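Dear colleague,

Please find below the structure that I am handing over to you.

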Amino acid sequence: MAPRTCSVANALEVVGERWSLLALREVFFGNRRFDQIAANTGASRDVLAARLKKLVASGVLEKRQYSSHPPRHEYVLTESGRALHNVMLLLKEWGDAYVTEGPLPLVWEHSCGNVLEPLVVCAHCGGEATPSSLTRSAATPGDPISVAWSNGPELQARSH
């Protein structure tokens, strides 16, 4: 039996490794040079170089030269990389709630003056995207649908 075709699995092939996500965190923070990223992630130079190379090859980052003597480069988010912003915010929120003990190392404040609490909402109606508000549709007619949330409500299933 072949594994389920899944955009989550496809995304994890690109960004699903610890050092890739930590490198992206640093670039989002404005640390775009290799030495800055290495210092702030703790990744070994060879592992970090491999992860950055993969992120560039996948179109998540762009490598730009900022000095020619000696040649030096920085890493800049592409459109694809910038699209990961909300993913990073939600991953941080999950880490704050379920993994990080003690005082939070970082708190984001929204321009409204309040501490940011990221939330996924429907772009059409503005309603929160909760497991009970979602229905999974088969993208391909005949695709078997079997989705259940552990310790939570089952998603309604329908096919096109």
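**Salt bridges**

Arg-25 and Glu-26 are joined through their side chains by a salt bridge, at 2.9 Å from N to O; the term stands for a side-chain nitrogen of Lys or Arg within 4 Å of a carboxyl oxygen of Asp or Glu. Arg-25 is partly exposed, at 26% relative accessibility, whereas Glu-26 is buried, with a relative accessible area of 3%. Here buried means under 20% relative accessible area, exposed means over 50%, and partly exposed lies in between, with a 1.4 Å probe and protein chains only. The areas themselves come from the Shrake-Rupley method with a 1.4 Å probe, and for residues only the protein chains shown count as cover.

Please note that this is a predicted model, in which local features need pLDDT of at least 70 and side-chain atom pairs count only at pLDDT 80 or more, while totals for chains, interfaces and linings use all residues. Residues are numbered from 1 along each chain as its sequence is written, and side-chain values use heavy atoms, with hydrogens and water left out.

The search of the whole structure gives 6 salt bridges. In one of them, the side chains of Asp-35 and Arg-45 meet at 3.1 Å, N to O. Because Asp-35 belongs to helix H3 and Arg-45 to helix H4, this pair ties together parts that are 10 residues apart in sequence. Another salt bridge links the side chains of Lys-92 and Asp-96, at 2.3 Å from N to O. Both residues lie in helix H6 (residues 85–98), where a separation of 4 residues is about one turn of the helix. Lys-92 is partly exposed, at a relative accessible area of 23%, and Asp-96 is buried, at 16%. Beyond its neighbours within four places in sequence, Asp-96 is in contact with Leu-104 and Leu-106; contact means heavy atoms within 4.5 Å.

**Overall architecture**

The protein chain has 6 helices and 4 strands. These are DSSP runs numbered from the N terminus, with helices (H or I) of at least four residues and strands (E) of at least two. Read from the N terminus, the order of elements is α-α-α-α-β-β-α-α-β-β. The chain has 160 residues, of which 21% count as buried. It exposes about 11,500 Å², and carbon and sulfur atoms supply 53% of that area. Among contacts between residues at least 6 apart in sequence, 33% join residues at least 24 apart.

**The nonpolar core**

Which residues have the most contacts inside the largest nonpolar core? They are Leu-24, Ile-37, Leu-48, Leu-52 and Leu-61, in a core of 19 residues. At least two residues of this core come from each of helix H2 (18–28), helix H3 (34–41), helix H4 (45–57) and strand S2 (71–77). H2 provides the largest share, 5 residues. A nonpolar core is defined as a set of buried Ala, Val, Leu, Ile, Met, Phe, Trp, Tyr and Cys residues joined through side-chain atoms within 4.5 Å. Leaving out residues up to four places away in sequence, Leu-61 touches Leu-24, Val-27, Leu-52, Leu-55, Val-56, Tyr-75, Val-76, Leu-77 and Thr-78.

**Loops**

Asn-31 is located in the loop between H2 and H3. Its contacts, apart from neighbours within four places in sequence, are Glu-26, Gln-36, Ile-37 and Asn-40. Asn-31 and Val-76 are 45 residues apart in sequence, and their C-alpha atoms are 9.4 Å apart in space. Pro-70 sits in the loop between strand S1 (61–68) and S2. The peptide bond from His-69 to Pro-70 is cis, with omega near -10°.

**Cysteines**

How many disulfides are there? The count is 0, where a disulfide is a pair of cysteine sulfur atoms within 2.5 Å. For Cys-122, the closest cysteine sulfur is that of Cys-125, 3.9 Å away, which is too far for a bond. Cys-122 is partly exposed, at 29% relative accessibility, while Cys-112 is exposed, at 53%.

**Confidence**

The mean pLDDT (the predictor's confidence in each residue, from 0 to 100) of the protein chain is 88, and 86% of its residues reach 70 or more. Over residues 146–160 pLDDT stays under 50, and the model has 26 contacts beyond four places in sequence for them. Where pLDDT is low, the predicted coordinates should not be read in detail.

With kind regards
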